[in-house]
Amino acid sequence: MPNEQPNILLISTDQQHYQALGMHTPLVRTPAIDSIARDGARFDRAYCTNPLCSPSRSSIITGKYPSSHGCWTIGTKLDEAEQTVGDLLGQAGYATSLLGKAHFQPLASRPDQTSIECQPILRDLDYWRDFTGPYYGFNHVELTRNHADEAHVGQHYAIWMEEHGFTDWREHFRRWPAEPGEPDRRHRWELPVEMHYSTWTAERSIAAIDAAVTADRPFFTWASFHDPHPPYLVPEPYASMYDPADVEPGRLTPGELERMAPWFALTQRDNPDFSRWQETPHSNHGFIDHRTTEEQLRRDIAVYYGMITLVDDQVARILRRVDELGIADNTVVIFTTDHGHYLGHHGLTAKGAFHYEDLLRVPLHVRWPGRVPAGLTTDSMQSLVDLAPTMLAAAGLPIPTAMQGVDQLPVWTGSAEPARDHVVVENRHQPTAVHLRTYIDQRHKLTVYRGQPWGDLFDLAEDPGEVVNRYDDPAYAGVRSDLALRALDHELQRERSRYDRISVA
């Protein structure tokens, strides 16, 4: 008898600009990912909870903001005691699996904050042969931590390469420990496509789905792709698939950064000194000189697009398998990314404590035949913190009061008005010095910085490119005051308790 509860297939990329898809940028070839929106819904105002990997991914599975689930930046861990959507779905009979990137734990370990996602464990293949879960609510995991040729490679991906006869895989990745004279691989990677981690992620996701169907169990499978996160490196034919002359980089408008927090303008200077915001020995992502040549930027973007198309080809494999198994009508497919990416926008590259839309907005597509209207496109605001409660609602399960996201299922199915009129994005990269929070509604966007006099205020209707910061503009004083009050109200609204009140005392 077919499962009554729907399967849930979460497909994610890592650090993908929300417009880096064929439906927005026709140059980019992403027919499989685009098809999820064509056959379902596309949400054009979706946002991350934090523009860094670990906090954002932790919000996806806990339904909480980083300030609540505790994994407040990369280099910290999500406590194993946190309840996750996988825990709850697993208790309801789901086969839960995570294939690809986890990043719930740091690249170091110490007694008060242990991690299995660190060296030398990452390359201890005997350890990973014996460990496939449970892990944060996923009963079955197959993981690797690296991006491109990083030395963090290992875990189940390395085992898979060896099982496929690719025993010299270490020659294609950086050494660990680091050795002098490492080759500087850039753009074109000699790793065979069939041995690429995106290929592996798709293959193992399909295997997890097959196993659940064979066992006649509903599944929650997260196919967690690592790309297009830098380094910009990909095998052929993807490395030369896009002509750098055809791409259009983002641009810096002269003078725009002078209206922003001091660290914005420093990204465009020689030997910038960010030391006043360096409270710990660990670096702040993005606090560097972001300038590059036009030629280099165009080549990086061309390869970034190639990395996305490689992922799309692998997503197509997963979707085909869902069709072949005859389960498409009973499978909720969700596509998103953990946060955005700068491709020259505002003079920036990659990511950092710069809360422009390019970094905070994420693609979000949802397909569920017969439930989610095909071809629905909406600017109804969404947040990645909403995914966990909405997936529980799709499975017909209660949503814990401790979850801070909202149930978006009625919005996804087109049966209700928007579930939220704003989103909030956190960013705390140092204990106090780099600590900011952004409140965004349909038109305006306010960012405040802990203990600092500066702030950002953008009118997204009049200034969608976010060039003119209105924070100190007298004409926007009333808007700023209103947004600040509503941001404070949000802090009260999102407060949650573990228990319901059941007695007078």
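Predicted model: local features only at pLDDT ≥ 70, side-chain atom pairs only at ≥ 80, totals over all residues.
Guide: Strands here are DSSP runs (E, at least two residues), helices are runs of H or I with at least four residues, and both are numbered from the N terminus.

Visitor: Before we go on, what should I know about the numbers?

Guide: Residues are numbered from 1 along each chain as its sequence is written, and side-chain values use heavy atoms, leaving out hydrogens and water. Local features need pLDDT of at least 70 and side-chain atom pairs count only at pLDDT 80 or more, while totals for chains, interfaces and linings use all residues.

Visitor: Thanks! New topic: where is serine 115?

Guide: Serine 115 sits in the loop between β4 and α5.

Visitor: Is serine 115 buried or exposed?

Guide: Serine 115 counts as buried because its relative accessibility is 3%. Buried means under 20% relative accessible area, exposed over 50% and partly exposed in between, using a 1.4 Å probe and protein chains only.

Visitor: What joins the side chains of serine 115 and glutamine 105?

Guide: A polar contact of 3.5 Å. That term means a pair of N or O atoms within 3.5 Å; within protein, one must be able to donate a hydrogen and the other to accept it, and residues adjacent in sequence count only if both atoms are side-chain atoms.

Visitor: What about isoleucine 116, which residues does it touch?

Guide: Not counting residues up to four places away in sequence, isoleucine 116 touches several residues, including Gln105, Trp128 and Tyr135. Touching is a contact, with heavy atoms within 4.5 Å. At 17% relative accessibility, isoleucine 116 is buried as well.

Visitor: Last one: where is threonine 390?

Guide: Threonine 390 is in helix α11 (residues 387-394), and it is buried, at 0% relative accessible area. A polar atom of its side chain lies 2.8 Å from the backbone nitrogen of glutamine 408.
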